[in-house]
Each structure stands twice: as C-alpha cells, then as structure tokens.
Amino acid sequence: MDGITKIYDNNIGISFHWKENDSNLVQLIFRDTGFHLTEQEIELFLDKVTDSKLQKNCATCSKGKDCRSILLQTPSNKVSMAVSSIELWQIDDLLKGTLFQLRMNNYLNDICKN
C-alpha cells in the first residue's frame, strides 16, 4: 500500500489515488471490481445508487438483505452489477465518504495556499 494515497475505506472497499500518477482519477475498488473515476463520475455513480435503492427484493426471497437481486448501474453505460441491499448501502457510504474527503482535501489545499 506504499504506492497509494488512501482517500476513504469501509467494509466493502477502498478509494485512493496512485502516488506515481498525476491524474485526477480516483481508483475505487469494491468486491472484485475496480473503477477509475473522476469526481463527477463518482457523483453520477452515487445518483445511480440512489435510483437502485428504490428497487425491492422479491417478497419470497429466502436470502433477505443478502440477496444480490438489485441491479446497480455504473457510470459506464456498458456495465451494471448485481448487488445485495447490504452491499448497496456500503457502496453508498464508500461513494459519499470518498466525495466528502475529496472535497475536504480540496478545501484545505485552497486555504493553505493563502
């Protein structure tokens, strides 16, 4: 983990910047999937998570909140994922925490320039 600057992490994943890359892209990893996203794409992803929260599990599902029956669209219109209700809330936290930390870091960097 020496090659990264961690932004945020939780039980499902982590967000970080690569130290050797001057890109403004954030590496976001959860489950077995990685995304390179801009701040605007993270916001779009968060909107899609909010939309997915409106989906309900099947009434007769025996797996309950662990059932991966929720379809989560991603910022790429070619990729969607099947997630559980629990995973959806954890992804929501990961995205919100990442955005909060990015904005806080930008704010502090602006203040420190003066």
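Strand β2, which covers residues 13-18, pairs with strand β3 in the antiparallel sense, and four bridges connect the two. In this predicted model, β3 also has a partner in strand β4 (residues 33-37), to which it is joined by five bridges, again with the strands running antiparallel. The two pairings can be set side by side as follows.

| Strand pair | Sense | Bridges |
|---|---|---|
| β2 and β3 | antiparallel | four |
| β3 and β4 | antiparallel | five |

Strand β3 spans residues 26-30, and four of its five residues are buried, that is, under 20% relative accessible area, so the strand is largely enclosed by the rest of the structure. Between β3 and β4 the chain forms a hairpin with two residues between the strands, and in this hairpin Arg31 takes a positive phi near 50 degrees.

The structure holds one cavity of 30 Å³ or more, and the volume of the largest cavity is about 50 Å³. Sorted by class, the lining of the largest cavity comprises two nonpolar and four polar residues, with no charged residues.

Conventions. Residues numbered from 1 in each chain as written. Predicted model: local features only at pLDDT ≥ 70, side-chain atom pairs only at ≥ 80, totals over all residues. Heavy atoms only, no water. Buried < 20%, exposed > 50% of the residue type's maximum accessible area, 1.4 Å probe, protein only. Pairing = 2+ DSSP bridges. 1 Å grid on protein atoms, 1.4 Å probe; cavity = no way out; pocket = protein on both sides within 12 Å on 5 of 7 lines; lining within 4 Å. Points joined across faces, edges and corners; volume = space filled by probe spheres on them. Nonpolar A, V, L, I, M, F, W, Y, C, P; charged D, E, K, R; others polar.
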